[in-house]
Amino acid sequence: MFKLWAAILKDLRVLLRDGVGLALMFVMPIVLVVVITDIQNSTFQLINKNKLPVLVCNRDTGASAKQLIAAIEKIGMFSVSALPKNQDEKTIADSMKKNDALMSIIIPADFTQKVMAKSKTTAGKALTSFGLQADSTQKDLGDPEPLKLYYNPVLQESIRLSVKGALQSALQLVESRQTLRSLYFSINEKPLPSKLEDEMLNNKAAINDIPVSISGSLKPPNAAQHNVPAWTIFAMFFIIMSLGGSVVREKVSGSFIRLKTLPTSYLVGMASKQIVYIVVTLIQAVVIFSLGIWLFPLINLPALNLPNDILGLFVVTILTGWCAVSYAICVGVFSETHQQNNGFGAISIVILAAIGGLMVPTFSMDTSLKAIANFSPMHWCLEAYYGLFLENGKLINVAGYLAPLVVIIIVLQLVAFWGLKRKNLI
């Protein structure tokens, strides 16, 4: 026990002298978690709370065009600004830059005329199918000219498709309203009452969105619940810069060789490093989780809500930290220089984070990448954390994710041992 305690003190002194490593383990993850959470939260708010600025160039003077603009405003996700009707494509693009608008809509000059003609044609076909006589003098002018939607290329495709779907809903509402009016007037020879029109158009079934959780909690997760666990894992694995460098330094300086001449085992040195750096990963988790709980509300970000199973959170954090430590030691054993350790370590962690779902959700990956994600230890760490934070589960519920993580830890430890034996260091 004395030998282990002495080795732990030695590794602590080495760690405290490594200012760059400490900065990478604490400062960089703190900056990342705050910045990424703020960016993702702003993206969520863009559609949910903030309004997307949209310019509308209405070249039509009819009622249907005005109804369409009113329907777009009623959606609630757009901040609509009008443009002069005589603007061309170049002027519209300049107006978008000037007004910091991501999208603009052009309503063609014959929009109302063709919507009314189409509605009367549709109403006539409906009357004919009912066995009633329709107005045979009505000419079919064809479908209305498509609306033109200009968008900034920086706009993500998912947001653009959401906007396009909302506009199609508004357009369908205008066309349906005019068709109902034409049909009602053809039958009753009087205008459709406003109250009846509203009842017919707005008689929709409600949709309640309910997050699925293991515990039955209905509280929806926020951006902090997604990002804080993910970037905590990233921070833990970045101890490779310090721990892997320490292993390389001891190999180069001959510390492993000198251990052979002392009445002790290499296991003492490896155990001390693992204990010290597992404690470091726990401190990282405490610091980043504390930021999410107390700092985020102060900077207008959603607060992090800890899961109910604190014991499960502790176990997941311990195993995640142990996996990060095992990976760092394994890379350090096979690296010949600090440059190899730092270069390979940093690049490999980014790759493991990418395929593990920290940067891009695994559900959006194709089948081959989903299969590859299973080989990333970060994937299993993230799934275990999400089972606690997002689904509000307990330790037993995430045991299926922890089992592969334990297997990965064992494999990394055995590979590191084999590497030390192969290099005759133990």
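Helices are DSSP runs of H or I with at least four residues, numbered from the N terminus. The model shown in these views is predicted.

**View 1. The nonpolar surface patch and helix α16.** Phe334, Val407, Val411, Val415 and Trp418 make up a nonpolar patch on the surface. Together these five side chains' residues account for about 430 Å² of accessible area. Four residues of the patch come from helix α16, which spans residues 399–422 and gives the most to it.

**View 2. Trp418 within helix α16.** Trp418 lies in helix α16 and is a member of the nonpolar surface patch. Its relative accessibility is 48%, so Trp418 counts as partly exposed; the class of exposed residues begins over 50%.

View 3. Ser64 is part of helix α3, residues 63–75. With a relative accessibility of 1%, Ser64 counts as buried, because the cut-off for that class is under 20%. When residues up to four places away in sequence are left out, Ser64 touches Phe111, Thr112, Val115, Met116, Val174 and Gln178.

**View 4. Phe238 in the loop between α8 and α9.** Phe238 sits in the loop that links helix α8 (223–237) to helix α9 (240–253). Phe238 has a relative accessible area of 8% and is therefore buried. Asn342 is 104 residues from Phe238 along the chain, and the C-alpha atoms of the two are separated by 9.8 Å.

**View 5. Confidence along the protein chain, with helices α10 and α12.** The protein chain has a mean pLDDT of 79. A value of 70 or more is reached by 77% of its residues. Confidence is lowest in helix α10 (residues 255–260), where the mean is 56. It is highest in helix α12 (residues 310–334), at 93.

**View 6. The whole protein chain, for orientation.** The protein chain contains 16 helices and four strands. It has 426 residues, of which 43% count as buried. Among contacts with a separation of 6 or more, 80% join residues 24 or more positions apart.

Technical notes. Residues are numbered from 1 along each chain as its sequence is written. Side-chain values use heavy atoms; hydrogens and water are left out. Patches are made of residues with over 30% relative accessible area and no salt bridge: like charges are joined within 9 Å, nonpolar side chains (Val, Leu, Ile, Met, Phe, Trp, Tyr) within 5 Å. Accessible areas come from the Shrake-Rupley method with a 1.4 Å probe; for residues, only the protein chains shown count as cover. A salt bridge is a side-chain nitrogen of Lys or Arg within 4 Å of a carboxyl oxygen of Asp or Glu. Helices (H or I, at least four residues) and strands (E, at least two) are DSSP runs, numbered from the N terminus. Buried means under 20% relative accessible area, exposed over 50%, partly exposed in between (1.4 Å probe, protein chains only). Contact means heavy atoms within 4.5 Å. pLDDT is the predictor's confidence in each residue, from 0 to 100.
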